[in-house]
Amino acid sequence: MDMIDSRQHAPFAFGGSTKPISELMFNKYDSDKNGSISRDELRSLCYDMGYYLSDEELQWALTLIDKDGNGKIDYKEFTEWWRTSSRFEHLRMNHYQSQLICHIAEIFRSYDKHNHGVLNKKEFDKMKKDLIRHRIIDEREHQACQFEEIDRGHDGSINFNELIAWFKDVGVLDQIGIAS
C-alpha cells in the first residue's frame, strides 16, 4: 500500500501559490520591500510589461495610481489599478492631454495660496468655479462635485492626486481622451 503524501491535499494554483497575481506583481516590483511601489519600481514594472514610459508619462502614472497623493503606491492603490484591463493604456498621454493636465495643475496651484500642495474647502470651492469657467468640468453634469467625495484621505484637504483620481472616477478624463 502506497503512503499518501499530505501535501497532495493542499490547494494548488499555477506556480504553486494561491496568492493573487496583483500581490505577486506588487511584491516582485516592491524591490526594497518597504510596502509601496516607488517611481523607479513602477517604471521597471511598466517597462518589463512592454510599456516604456517617458518621464512625463511616468509622472502622470504616479498621479493616476497614487490616489491619496502621499507619494507612494500602496497595495490597495496598486490592486485597484492592476485589475483594470487597460491599466497600461491609461498611463500614456498625447500632447494635448499632457497640456490639459498641466492646465489643471496651474489652476490648482493658483488656489494653493500657501504652496502646501493641498486645498482647503474654501479654496476648492473657488477652484471649482474656475474649472467650470475653463470648461474642464460641466456645471450641470458635475454639480454634485463635493469636497468630501474628493478628499479620499479624509484629512480636510484635497491634494492634486485626489483631484485627478476624482476626475478619472467620474469620467472627466475619459471624456478628454486620457484613457483612449
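How much accessible surface does the chain have, and what share of that surface belongs to carbon and sulfur atoms? In this predicted model, the accessible surface comes to about 11,000 Å². Carbon and sulfur atoms account for 51% of that area. The chain has 180 residues, and 41% of them are buried. Its secondary structure consists of nine helices and two strands. Along the sequence, these elements follow the pattern α-α-α-α-α-β-α-α-β-α-α. Contacts between residues at least 6 apart in sequence were also examined. Of these, 57% join residues at least 24 apart.

Helix H2 spans residues 39–48. Its buried residues are Glu41, Leu42, Leu45 and Cys46. Seen down the helix axis, these residues fall within an arc of 135 degrees, so they line one face of H2. An α-helix has 3.6 residues a turn, so residues three or four places apart point the same way. The face of H2 turned away from the buried side carries Asp40, Tyr47 and Asp48, which are exposed.

The packing of helices comes next. Two packed helices are described by the angle between their axes and the distance between the axes. The axes of H2 and H3, the latter covering residues 55–65, come within 10 Å. They cross at roughly 105 degrees. H2 is therefore roughly perpendicular to H3. On the H2 side, the contact is made by Arg39, Leu42 and Arg43. On the H3 side, the residues are Asp55, Leu58, Gln59, Ala61, Leu62 and Ile65. By class, this contact has five nonpolar, one polar and three charged residues.

Trp60, Leu62, Thr63 and Leu64 of H3 meet Phe160, Asn161, Ile164 and Lys168 of H8. These residues divide into five nonpolar, two polar and one charged.

The loop between H1 (21–29) and H2 holds Ile37. Is Ile37 buried or exposed? Its relative accessible area is 1%, so Ile37 is buried. Beyond residues up to four places away in sequence, Ile37 touches Phe26, Tyr29, Asp30, Leu42, Lys72, Ile73 and Phe78. Phe78 lies 41 residues from Ile37 along the chain, yet their C-alpha atoms are separated by 8.2 Å.

Lys33 is found in the loop between H1 and H2 as well. With 58% relative accessibility, Lys33 counts as exposed because the cut-off for exposed is over 50%. Its phi is near 55 degrees, a positive value in a residue other than glycine. Arg135 also has a positive phi without being glycine, with a value near 60 degrees. Where is Arg135 placed? This residue sits in the loop between helix H6 (121–133) and helix H7 (147–150). Arg135 is exposed, with a relative accessible area of 75%.

Key
Residues numbered from 1 in each chain as written. Predicted model: local features only at pLDDT ≥ 70, side-chain atom pairs only at ≥ 80, totals over all residues. Heavy atoms only, no water. Helix = DSSP H or I, 4+ residues; strand = E, 2+ residues; numbered from the N terminus. Buried < 20%, exposed > 50% of the residue type's maximum accessible area, 1.4 Å probe, protein only. Contact = heavy atoms within 4.5 Å. Axes fitted to C-alpha atoms, helices over the stretch in contact; angles between N-to-C directions. Parallel < 35°, antiparallel > 145°, perpendicular 65-115°, else oblique. Nonpolar A, V, L, I, M, F, W, Y, C, P; charged D, E, K, R; others polar. Arc of directions from axis to C-beta. Areas by Shrake-Rupley, 256 points an atom, 1.4 Å probe, with all protein chains shown as cover.
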